[in-house]
Amino acid sequence: MSAGYQAPKSFLDNHGKSSGAAAWILSTDHKRIGILYLCSMLTFFSVAVVIGLLMRIELIAAGKTIMEAKTYNAFFTVHGMIMIFLFIIPGIPAAFGNFIMPIQIGAKDVAFPRLNLLSWWLYISGGLIAVLSLFTGGGAPDTGWTFYAPYSIRTGTNVSLAVFAAFVLGFSSILTGLNFVTTIHRMRAPGMTWFRMPLFPWSLYATGWVQIVATPVLAITLLLLIFERSFGVGFFDPAKGGDPILFEHLFWIYSHPAVYIMILPAMGVISEIVPVFARKGIFGYKAIVLSSLSIAGVGYLVWGHHMFTSGMSDTSRWIFSLLTFIVAVPSGVKVFNWVSSLYKGSIDVRPPFLYVMAFIFLFSIGGLTGLINGALSTNIHIHGTYFIVGHFHYVMFGGTGIAFFGALHFWFPKMFGRMYSEKIARVAVALLFIGLNTLYFPMLVLGWQGMPRRYYDYLPQFQPLNVISTIGSWIVAAALIIMFTNLIRSLFKGEKAAGNPWDGTTLEWTVSSPPPHENFEEGPVITHGPYQRT
Amino acid sequence: MSAETEIKAAPHGDYVGAKVGMWLFLVTEVLLFGGMFLLYSVFRSKYPQDFHEAAKELSVALGAANTVILLTSSLTMALSIGYLRSGKKKPSVLFQTATILLGFAFLVNKYFEWGAKIQHGLYPDSPELLALPKGEILFYGLYYVMTGLHGLHVIVGMIILSVLLVFTSKDIVNGHSFIKLENGGLYWHLVDLIWIYLFPLFYLIT
C-alpha cells in the first residue's frame, strides 16, 4: 500500500446517486437496507410493546380496568400481528442478516440487490396496510393473530385487509429467504467452503429454506380466507361442505415452521457471540450446522401439535407428539454445544455475552415448557391457557428478542462505528432479564392453575400473580427505555469504534467500522475455519 | 490483485445465480398451488360421488382447446429463446409475440367458459349452487379458485413477457444476455405445467 493511502469512505458517507432520505429508501446497498429494516422494525416493535403494556394494565385487576372487552380483543390481535409479522419473523435475518451475512461470507452484496430493496418496500407496504386495517372498515381485527375460521369469516371487523397485509409481508419474507439462499450458494469468497462458513450464515441458510418452503402455504391460506369472506366459497364452512379444521391445518403447516424462521437466526447469533467472548473456537461446529438443518427439516412435520384438542385421530396425535419431541433434540444439541464452548475458555463478560447468558437461561425455560405442551396428556390440561402464553413469550422474547438485542449490542459498533456505554448496557440487560422472568413466569403458573388465554376477565384467585406479571411488564419497559436511550445517545456521542472492538475472528471484523461501500478493499481469500485463532 | 483473489463477478453478471433464484421462486409457486391441491384431494376423497357428478358439467372440448393453446405457447416460448440465443432477434420477437397472443386466446376461451357457468347461475354462493349437494358446491368453489388463480398467473406471465418483448426489441435482452428471457420462459412453463394438472383434475376424471 502506498504512503498516501486513505481509508475508503464508509457506507454511511457514500450516498450513491441520491441524497437525503432517498439515499436510504432507494439504496440497494445491503448495509443500508439492513439499517432501514432495523429502524422500521424497532418502530413497529415499540408500538406493539405499548399495546402489550396496556393489556397488562387491563389485567392487573379482574373485570374492566381501563378498556372495553372488545378493545382488549383487538389489542391482543394487533399485538400478536405486529410482533409476529413485523418484528420477530423479519427480525434478525432482515436487519442483521442483511447487514452482516454478505460481509461474513466475503461478498460485496447479496445476489439480488434490487430484489432486496423490493423486499423492504413490500415489508413497509405490508406494515402500512396493517396499520390502515386498524382504522378502516369494521375496525381492528379481533380474531387473534391466528385468524381461525369460522370466526375470522364471520366477524365484521377488518380481517380481509389485515390478512392481505400479512400476505404482502409473507411475500417480502419469501424474497429475502430466496435472496439469502442464492447469495450463500453463489457469492462465498474463494476458499470459503461450506464448512468454513460462520454459523450465522449457516443459520440464515436453513432459515431461508424454511421461508421458501413454508411461507407460500400461508400465502394461499390467507388468500383463501379473503375469498371466503368476499365470495363465500365455502372451503371452511361446514354448511357448504367445508371444514374449519382444514384452515387450522393449512395455517399451522406454515406457522409452525415459521417458529423456526424466528428462532434459527437467533441461534445463529448466539453461535457467533459465544466463541468471540469465550476466546476460543466453538465446540461442535458441525453438530451446530447439522442441528440447524435438521430443525429446518423436521420442523416442517410437527404442526399438528397446535391442534391436539381440535379433533384429530389418535394416531396422528401421537405421531405429531413424537415428532415434536424429536425436533427438540437438535435444539438441545445447540444449547449443550454453547455451554461446552465456554468450558476452559477465558471468558470476557461484556454486554453481548450477558445477552447470551440471558438467552440460554430464558430459551431453556421456553424450550422445556415446549415439551410439556408437546406431550399429549399434559397438553390437554394446559391447551388454551396462559401456560401457552408464558411458553411462547419465553421462546419469542426470551429467545429471539434477547438474541436480537444481543446482536444489536454485538454488531452496533460495526454498523454505526460508535461504542455505547457498557455500564448502562449491563444495567439494561440485567433489568430486562429480571423483568422478563417477573412478567412471564407467573403466566406459566396461572396457566397451570387453569387461567384461559385471551380472556379479558378472570377469577379473583388469579389476581396476585397477574399483579406480579404486570409489574414485570413495567420492569421490561424500563429496561428497554434504558437500552435504547443508551444506544441512541451513542449514535451521536459514543466513542469511535475500532474495526475489531471485541477481538472477533470472522470476516466482518477485518473491515473498518462502519464498513466501506462494497465491504472489502481487496477480496478476502479464506484458508481456515471461521473461529480459528492464530 | 490476481484473478483468484477477486471477489466473484458482479451479481447481475451471475448467470447461474439468476437461475438458482428463479428456480427457488418456482418452488414457492408450486407450494402456493400445493395448498389448493391439498384441499382438492381432501374434498375429493370426502365427496367422490359429488365430484363425479359435478365434473360432468365441464366442457372437455373447451378444456382440451385451452390445453392445446397453452402447450403451443410453451413451444413458441422455447423457440423464441432458442432463436435469441443464436442471435436471431427477429424470429425471437415474432415467437414472443405469438406466446403472448396464445396466452390471450387462453383467457378469451376461459372468459366464455366462466361466462356460460355464471349464466347458468353456477358461481360461489349463488342460490343455484347452494341448492346442489355439498361436494358439488366445493367442486365449483375449487374450480373457480384454482382456475381463477391460474388465470391470474397467465395474466402476470403475459405482463412479464410484454416487458421482455420491449427489452428484446431495445436490445437490452440479446444474444449475449438472455437470462431474463430464459427466466421469463421458466415462469411461463410453470404456468403451463400447473394447467397440465388442472385439466385432468377438473375435466377428465369424472
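Predicted model: local features only at pLDDT ≥ 70, side-chain atom pairs only at ≥ 80, totals over all residues.
Residues are numbered from 1 along each chain as its sequence is written, chains are lettered from A and ligands numbered from 1 in the order in which they are written, and side-chain values use heavy atoms, with hydrogens and water left out.

Two salt bridges also cross the interface of chain A and chain B, a salt bridge being a side-chain nitrogen of Lys or Arg within 4 Å of a carboxyl oxygen of Asp or Glu. In one of them Lys240(A) is joined to Asp125(B), with 2.8 Å between the closest N and O atoms. On the side of chain A that touches chain B, the elements giving two or more residues are α7 (159–186), α8 (199–231) and α9 of chain A, and α8(A) gives the most, with eleven residues. Helices (H or I, at least four residues) and strands (E, at least two) are DSSP runs, numbered from the N terminus.

In terms of contact (heavy atoms within 4.5 Å), 47 residues of chain A meet 37 residues of chain B. The two chains bury about 3,400 Å² between them, 77% of it on carbon and sulfur atoms; buried area is the accessible area (1.4 Å probe) that two parts lose on being put together, summed over both. Of the area that chain A buries against chain B, 19% comes from Arg186(A), Phe235(A) and Lys240(A), more than from any other three residues.

Asp125(B), the partner of Lys240(A) in the salt bridge, lies in the loop between α4 (89–119) and α5 (127–130) of chain B. Its phi is near 70°, a positive value in a residue other than glycine, and Asp125(B) is partly exposed at 38% relative accessible area, where buried means under 20%, exposed over 50% and partly exposed in between (1.4 Å probe, protein chains only). Chain B has seven helices and zero strands, and 49% of its 206 residues count as buried.

Phe45(A) and Phe397(A) make an edge-to-face pair, 6.2 Å centre to centre with 90° between the planes. Because Phe45(A) lies in helix α2 (residues 30–58) and Phe397(A) in helix α14 (residues 386–416) of chain A, the pair ties together parts that are 352 residues apart in sequence. Phe45(A) is buried at 3% relative accessibility, and Phe397(A) is buried at 12%.

The table gives charged ends that sit over a ring, meaning NZ of Lys or CZ of Arg within 6 Å of the ring centre and within 35 degrees of the ring normal.

| Charged residue | Ring | Distance from ring centre |
|---|---|---|
| Arg188(A) | Trp194(A) | 4.1 Å |
| Lys286(A) | Phe195(A) | 4.7 Å |

Technical notes. Phe/Tyr/Trp six-rings, centres within 6.5 Å; stacked < 30°, edge-to-face > 60°.
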